[in-house]
Amino acid sequence: MQNSPDPALPLLEVRGISKSFGAVRALQEVDFTLRAGEIHALLGENGAGKSTLIKVVTGVFPRDAGIVRIGGEEVAPRSAKAALAAGIATVYQEVNLLPNLSVAQNLFLDRQPMRFGIVREGEMRRRAKALLAEFGLDIDVAAPLGSYSVAVQHVTAIARAVDLSARVLILDEPTASLDRHEVEILFGIMRQLARRGIGIAFVSHFLDQVYEISDRITVLRNGRLVGERETASLPRLELIRLMLGRELAETTSARASVGEHKVREVCASFENYGKAGYVAPFNLELRHGEVVGLAGLLGSGRTETARLVFGAERADGGKARVEGAPVRLQSPRDGVRHGFGYCPEERKTDGIVAELTVRENIVLALQAKRGLHRPLSRREQDEIARRYVKMLDIRPPDAERPVGLLSGGNQQKVLLARWLATSPRLLVLDEPTRGIDVGAHAEIIRLIRELCDDGLSLLVISSELDEIVTYSDRVVVLRDRAHVEELAGEAVDVGNILAAIAADGAGVAHEGRA
Amino acid sequence: MRGLPPALITAIVLVAGFAACAVQFPNIASTRVVGNLLTDNAFLGIVAAGMTFVIISGGIDLSVGSVIGFTTVFVALAIERWGMPPLVAFVAVLALSAAFGAAMGAVIHVFDLPPFIVTLAGMFLARGASFLLSTESIPITAPIYSTVSDFALRLPGGGRLTAIAIIMLAIVTGGALLLHLTRFGANVYALGGSRTTASLMGVAVGKMTVKIYMLSSLLAGIAGIVFSFYTSAGYSLSAVGVELDTIAAVVIGGTLLTGGQGSVIGTFLGVLIQGLIQTYINFDGTLSSWWTKIATGILLFAFIALQQGLVALARRPLAKSAGAAT
Amino acid sequence: MTALLPRRGLAQILALIVILAVDRVVSPQFFDLRLQDGRLFGSLIDVLNRGTPVALLSLGMVLVIATRGIDLSVGAVMAIAGAIAASLADTHSLAVVLAAALGAGLICGLWNGFLVAVLGMQPIVATLILMVAGRGIAQLITEGRIVTFSSPDLVWLGNGSVLGLPVPVAIALGMLILTGAVVRGSALGLLIEATGGNARASELAGVGTRAMILSVYVWCGVCAALAGVIAAADIMGADANNAGLWLELDAILAVVIGGTSLFGGRFSLLLAVLGALIIQTMNTGILLSGYPPEFNLLVKAVVVLTVLLLQSPKLTGFAGIAARLRRTKA
C-alpha cells in the first residue's frame, strides 16, 4: 500500500465539476486538488456543496461536467465500490459499517481468510488485531462493532479503507461525535497516514480542529469554489468571511432597507432557557414586528435554539413566556397552540408531505390546531389554498398538485403558507433560502420583511450573513452551542457578526456532542 | 459487559421450564419424552432453521407452510400415482422448492418489494398448486417409508431417536455451521444490518437475497419430506399455519425480527420450548391445546419487548473508547 | 361521497367489470335477481353477502396501512369476537352481545396500537403477537368447542334481511358510510394521510401522530370484531379454529388492490371495499365455473403479484415522481 507518488503530480485532481438537481445548481465548476501526504480541509456551510462534491467524486452521484484524476489518470467511478477500487475511500459521520457484525468481520467482510470454504475466524481476528494495532487500537475484535464508541468505529472504518489500499481518504465530519481525547487519537492516526503518503480530505465545521490538523483549506459556498489557501496563511476571520459573507460593500447598502429600530411589544420571551448537552441556557426576547436573526457556524446551536423555542425539543431548565404569560413548551403541538410556527431546515424529511397536494400541505397545521372535530370544509380549504398560492406566488398555481413535484423554492413557500394560515404570532424559519434558486431567494427575503411589517415576530436562521443583515432588527450570534453576542440597531453588520463568531474560543474547548 | 446473548436467555427459559415441568410430572424427564419431542417437532426444527437465515437477513418468509404442504402432496402423488422412485421424487421436489424460493428472492430484490407481501403471494401460489395436485389425503405405502419410520437409535432409558429427528439435528447443526462459519453466513448478518451498507462493503446483495430465500424454501421442502415420513401421507392442507409457529420459534430463539442478530441454535431452543409447552399440556390432561398458542403469544411478547429494550440500550455505546490509546 | 372515490379508481372499476363479465360467461344466470319473501336472491347478492367480512376488515385495515402500518391480528380478533358473541348469545340481549364483542375488538385494537404507537414496535412484529395468541384466547372462550347458539336476534344479524338486502350487506354498507363520514367528515382522513406520508413532518406541523396511529388500530380492531360477529351469526356458531382464518391476508390484499400503498399515505375506503368485492367476485366466479374452489388461491397469488408489480416503485409511472423527488433533493 506504500507508494511514492511523484510530488509534482497531485494525487487527486478535480477539475470543473458541475452538478444540478433539477433547477438547483449544487456545484458549479468546482476545482479541488489533493496532494499526496497532505491533510486538506474542505469547508463550507450546509448546502455549500461539500457532500455533493464528495458524492460526485466517489461516484454516488453522476456528474454533469468535469473530470477527476487520480495520480494523473482520469477516473469515472460509477459507484462507491468502483471509487474504492480506484483508490478513493470515504468515511462518513454516520459510520458506513455494520454495527451488528464483529469488528473483525467488518474489517474483512467479503474477503475473509478462508480454508475449505470455512472462514478462518482465528486468523481473521489475528489480522484484525494486527491491523488495528497499527492505529493504536487494542480492542476485542470479536465483539460487535456497535458495542464500541463512535471513535472506535471511525478508526475501524479508516483501517478497513486503508487496508483496501485506499490512496485518497475522505473523512466527512469524523469528529462531530467525538470527545476531545478521541479527536486527539484520530488526529494522530490522520498524521500517521499522511506520512505514509495518503492524501486526506477532511470535512469539519470545527474551525479549531481545522487549524490544528490541516495543511490547506478549500472553501465552497453556494456550490462554488470561493478559495483554496494554505492554512498557515489564512486568518480565521478571513476564513469565516469566505464561508459566510459576500463583499461587505454590497451588504451595507442592502441594510438600508431595514426600518428604524423601535421598541415594540414583547411577543415571546425565554429566560435561562436551555437543555444540557444541546444548547446552553439563553435569554431571548422576541418582539412583534421584529426579525431576530440567528447567526453562527454550522453546529453552533442555531437549529437547536429554534427547536427549543418552537417546542420540538423539551428544555430542561428556564422559563418561557408568551405575551407575558408563562407557558410550557413540551411538544410541537404546544408550540402550535401558542401561535408558533416552524419551517425546518430539512424540507423533504421534516417539512412537506410530498405525496399530498399543495392545498393539503397548506391547511395541515391549521387543521391540526383546530382539532379533529372542526374540519375545514373543502371550500374553506380551497379558499385558503387559493389565497396563499396567489399571495406567495406559488408556481405552478395549481393547489391540487402533489407538493413533491414543486421546486424547492415553491415547497418553501408552501411551508410558509402552512404556518401563515394558522395566523401565528411567531414564525421560526430555519435556513428559509437554502437550496432555492436566485429568484425565489429574493422573494422569500422580501416576504420575511413584509410579514414582519404586518406585526409578526420572526426568528430566522441563515448561514448567509449578508442576507441575515438585510432583514434582521437584531442578530444573536452563537458559538459552541451557546448564545455569545446580541447585536442590535447600528451594530448589526457583517463585520461585527464575523468578529463575534471568530472571537478566539481558546477557553471554549470543543467538547463535541455527548 | 454486553449482557446475556438472547439465545442464552432462551436456553435458561427452556431449562427452567423443563425443570418446572419435571417437578410436576417426573415422567417428563425421560429420554422417551425427549425423543418424542424431537420427533414431533422435527419438521418444525428444519423449516425454522431456514427461516432463521431469512429473518436475520432482514426478511420474512410466509410461504414455508404452503411449501411443506405442496411437498407432501407432490411426494405422495409422485410415489403412489406416477410411480416415481422415492429418491427421484425427493430430488425433483427439492429442486422445485429451491427454484420457487429463488424466484421469490429474485422478485424481492429486482422489484424492491417488501418480502412480507411477496412471500404472501408465494404462500397462496404454493398452497393453490398443492390443491390443484390433489385435495385428498394420499397415504404413502412405499417400503422406504416404513423402513425410515421403523429406524431409530435406542436411547438409554427406553427413548427412541428416530430417523427424522436425526435428520433435523443434522440440519440444525449444518445450518448453525453455515451461519456462523462461512462467508455466506457473515453476509446474511451483513444484509440484516443494512442492505445499503452491505452493498457498499462489497456484498452481492442481489445474489445473497436469492440464495437466502432459496435456502429457506429448500429447507421447507426437506421439512415437507420429513413431514410426509411423520404422517406417511401427503395432504394439501398439511402444515397450515406452520409459518407462524416457525416465526414464533425463531423470535423466541432470540433472533431479532428486524434482522441482523440471531442464531440457528437459539431457534432450535425456541422450537424445543414450543414442544415443551405442548408436552406439558399433554401431560396435564386438563389443560387444552389452545394454551400453547396463548403461552407462545406471551413468550413472543416477552422476547420482542426484551429485544426492544436491548436495542434501545445498544443505541448508547456501552464500552466507550474501550482500550483506545496511542 | 365523491371524496371517497378518487379519480384513480378507474382501474379497479374496470377490473370488477371484466371479472363480472367473465362470471356472466361462465354462469349465464349470474346477473339474475329475484325477490322472495321481501329479500333479494341471486349470485350478485351472494357476492355481496360473502364479501362482507373481508369488506369490513378492509375498512379498518386500509386506515392502518395508510399510516404505514399493518394489522396481522384481524383474523384472530374475528375469532375472539365471534367466540364471545356465540357464548353470550343465548343468555343475553343482542345489545349486550354486541357491546361485549365489539368491546373486545376495541381492547385488541388498543393493545396493538399501544405496542406500535407508544412502544414503537414495528407494526408487523407487534400485531404478530396477537395473531398468534388471539386464536388461543378465542379457544379459551369457547373451551375448544364449536359453540352454537339459536338466539333469533343474532341469527338475524347473519341471515336476516332489511330493505331486501341481507343484513350483513346492510351492515357493511352502514359501516362504509359511517367510516367515510367519520374519516372524511372530520379531519381524520387528512391527518392520517399526512401521518402515513411523513410522520416527522406531521408531528412538527402539530399533528398528534401517536393518537392517529392508536386510533386506526382501535378502529381496525372494532371492524374486525364486527366481522367476527357477522361470521359467527352467519353459521350460527363460533369456530375459534377457523373463524377468520387467513382473512387478514385477504383484507391486506383488498387494500392493496384498492390502490393504497403499503408504504402509507393516500388511501381510499371505497376502493378498499371494492378490492374486497373484486376478490369475492373472483372467488364466486371460480366456484360457478366448476373449477375447484382451491383454484382461488392460485388466482389470488397471480393477482397479488400483478398488483405488486404494477405498484413497484421500479415500474410504475410513480417512478417518475419518485425519481424527480430524489433528484431535487440536494
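Val476(A) stands opposite Glu486(A), a residue of β22(A). The two strands around this spot, β21(A) and β22 (residues 482–488) of chain A, run antiparallel and are joined by six bridges. Keep in mind as you look around that this is a predicted model.

**Strands around β21(A)**

- Strand β21 of chain A covers residues 474–479, and five of its six residues are buried, so the rest of the structure largely encloses this strand.
- β21(A) and β22(A) form a hairpin with two residues between the strands, where Asp480(A) adopts a positive phi near 50°.
- As background for viewing these strands, side chains in a regular strand alternate between the two faces of the sheet.

**Domains of chain A**

- Chain A is assigned two domains: domain 1 takes in 12–100 + 144–234, and domain 2 takes in 248–502.
- Between the C-alpha centres of domain 1 and domain 2 of chain A there are 32 Å.
- Where these domains of chain A meet, seven residues of domain 1 are in contact with ten residues of domain 2.
- On the domain 1 side of that contact in chain A, four residues are polar, two are nonpolar and one is charged.

**Overall build of chain C**

- Chain C contains 14 helices and six strands.
- Its radius of gyration is 20 Å, which agrees with the value near 20 Å for a compact globule because chain C has 330 residues.
- Along the principal axes, the C-alpha atoms of chain C fill a box of roughly 65 × 45 × 35 Å.
- Of the 330 residues of chain C, 57% count as buried.
- Among contacts in chain C with a separation of 6 or more, 78% link residues 24 or more positions apart.

**The largest nonpolar core**

- This core holds 405 residues, and the members touching the most others are Val47(B), Val226(B), Ile80(C) and Ala85(C).
- Helix α10 (residues 209–235) of chain C is the top contributor to the core, giving 19 residues.
- Leaving aside residues up to four places away in sequence, Ala85(C) touches Val97(C), Ala101(C), Leu154(C), Val229(C), Ala232(C) and Ala238(C).

**Chain B against chain C**

- This contact draws on 35 residues of chain B and 33 residues of chain C.
- On the chain B side, the elements giving two or more residues are α6 (115–133), α12 (242–252) and α14 (290–315) of chain B.
- By class, that side of chain B has 24 nonpolar, eight polar and three charged residues.

**Chain C against chain A**

- Here 28 residues of chain C are in contact with 36 residues of chain A.
- On the chain C side, α8 (188–197), α9 (199–204) and α14 (318–328) of chain C each supply at least two residues.
- The largest share of that side comes from α8(C), with six residues.
- The chain C residues facing chain A divide into twelve nonpolar, nine polar and seven charged.

Terms used:
Residues numbered from 1 in each chain as written. Chains lettered and ligands numbered in written order. Predicted model: local features only at pLDDT ≥ 70, side-chain atom pairs only at ≥ 80, totals over all residues. Contact = placed C-beta atoms within 7 Å. Helix = DSSP H or I, 4+ residues; strand = E, 2+ residues; numbered from the N terminus. Nonpolar A, V, L, I, M, F, W, Y, C, P; charged D, E, K, R; others polar. Rg over C-alpha atoms; globule rule 2.2 N^0.38 Å. Buried ≥ 20, exposed ≤ 12 C-beta atoms within 10 Å, placed from the backbone. Domains from an automatic or database assignment. Core = buried A, V, L, I, M, F, W, Y, C linked by C-beta atoms within 7 Å. Pairing = 2+ DSSP bridges.
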